[in-house]
Amino acid sequence: MVGLLPLRVRGATSVRRGKVLVGPVDLDLSGAGTTVVMGPNGSGKTSLLRMLHGAARLSDGQINWSCDAREARARQAFVFQRPVMLRRTVLENLVYPLCARGETRNRAVACARDWAARVGLAELLDRAAPNLSGGEQQKLALARAMIIAPDLLFLDEPTAALDGRATREVEAVLQQARAQGTQIIVSTHDLGQARRLADEVVFLLHGKVHEHTAARVFFDTAQTPQARAFLRGEIVE
Amino acid sequence: MGDLWAGLAAAFRLLVTLDADLVEITLRSLHVTLSALVIGAAIALPLAAFLAVRRFRWRRGVIALLNALMGLPPVVVGLVVYVLLSRSGPFGVLGLLFTPTAMIVAQVIIIVPLIASIAHQSLRDLWSEYHDLLISMNVSQSQKMRTLLWDSRRALLTASLAGFGRAIGEVGAIMIVGGNIDHATRVLTTAIALETGKGDFAMALGLGIILIGLAIAVNLAIHWLGRTEAEGRW
């Protein structure tokens, strides 16, 4: 099976109602574990992730995966900043993506129980998902994304609304997924989280990629003044 | 005031004696309306889901039309169905005029826009909530529609009950296409119209009270079966 990466993005732009959300973006992702997309609010992190995932319309430019675009799409999963819960039980939420792909019900349920246990939701399988707490919902969303064993996982500020403990649990799942070879693209404006997770960093400002380097290089010797200011904790505009 | 008491007494008498005619027309009312409801919901609910999920050129127009047709005058529907089913009409060979089937056809036409419009409102809200997730999961159009229909089933029950309410109390269309024939197409509403015309207000009121009681009973039964208020908020 051909891998998804390297990914080649050329001049990709996403426009909505005449406003450029992100782009034009030139980016090459070759598959170095976890890519962290950083930048202040409104810099286009969410739009970039959605555009790469194919959830936002590509107004201009090209996004080329190493395999067929349809196939690439089927091998990705996305975790939203505000988790979307199906109005069903936790178990049914986990089973849903598998059954939608034609998996048999029995195998889907077994897989769902396994993933619920991995993210600490085993006790809550029969609860209605929309009634869970914010942290539980985000863990469920992560498990629901991981359950299809995606080759590439997008996460849009997955821990922005979570406390320290829930953040640690989410990051543990991500580290484990990375160790098993899943590519991860995660956006965050939490510097600590970026340092913990990143193999490489994409620094985004005003909808454009300002820097794209290995994590070590970025955190020690960022090239652009804006990135250095951002790393110092200053407010970048 | 005296008429009202007489009406209550008539209703009581009819119920206690289980009047054979009353049982017959009540069962026919239920048969016609519930058949129309099942067929109408089977058309309207998938249509509503389709309108929520698909973007096509005339979508807004179709939705506006459905909303407008919620107020479709039953008499006109009855008239059109009459013309279509009459001997000289295109479906005359079927011999359906003045049968319960013709009444069901007319009622389906009346309630489909109503059920579809109300259902579409709630499906549209749910779709805006689910949109990103289902797009991301790459599910097919029919899977999207099925997911929406299943996850908003409580709201769809309410939409269907609105359709039931409109159909059970409807008289104009079924009077025209059914003909209010005794032992063939007489139902509660047409019987009330007849008794009123004859000047037997007590009987008419008695039937009216039974009709209201029937509508309430069916609503309660469906809510109880669906356990609408018992759990969750959907």
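**Entry 1: chain A overall.** I counted the secondary structure of chain A and found nine helices and nine strands. Helices (H or I, at least four residues) and strands (E, at least two) are DSSP runs, numbered from the N terminus. The model is predicted: local features need pLDDT of at least 70, side-chain atom pairs count only at pLDDT 80 or more, and totals for chains, interfaces and linings use all residues. Residues are numbered from 1 along each chain as its sequence is written, while chains are lettered from A and ligands numbered from 1 in the order in which they are written.

I then looked up the dimensions. The C-alpha atoms of chain A fill a box of roughly 50 × 40 × 35 Å along the principal axes. Of its 237 residues, 44% count as buried, that is, with 20 or more other C-beta atoms within 10 Å of their own, the C-beta atoms being placed from the backbone.

**Entry 2: the domains of chain A.** I noted two domains, domain 1 (7–85 + 132–231) and domain 2 (86–131); such bounds come from an automatic or database domain assignment. Their centres, taken over C-alpha atoms, are separated by 25 Å. I found 14 residues of domain 1 in contact with 20 residues of domain 2, a contact being two C-beta atoms, placed from the backbone, within 7 Å. On the domain 1 side, helix H5 (134–146) and helix H6 (164–179) of chain A each give two or more residues. The largest share, eight residues, comes from H5(A).

**Entry 3: a sheet in chain A.** I traced an open sheet of three strands in the order E2-E1-E4, with antiparallel pairing; strands pair if DSSP finds at least two bridges between them. Strand E2 (19–29) and strand E4 (60–64) of chain A stand at the edges with a single partner strand each, so one side of each is left without a neighbour in the sheet. Four bridges join strand E1 (residues 7–16) of chain A to E4(A). I also noted that Arg8(A) stands opposite Asn64(A) in E4(A).

**Entry 4: Ile109 of chain B.** I located Ile109(B) in helix H5 (residues 100–137) of chain B. Is this residue, Ile109(B), buried or exposed? Ile109(B) is buried, because 20 other C-beta atoms lie within 10 Å. Leaving aside neighbours within four places in sequence, I found Ile109(B) in contact with Val77(B) and Val81(B). The C-alpha atoms of Ile109(B) and Val77(B) are separated by 7.4 Å, although the two residues are 32 residues apart along the chain.

Conventions. Buried ≥ 20, exposed ≤ 12 C-beta atoms within 10 Å, placed from the backbone.
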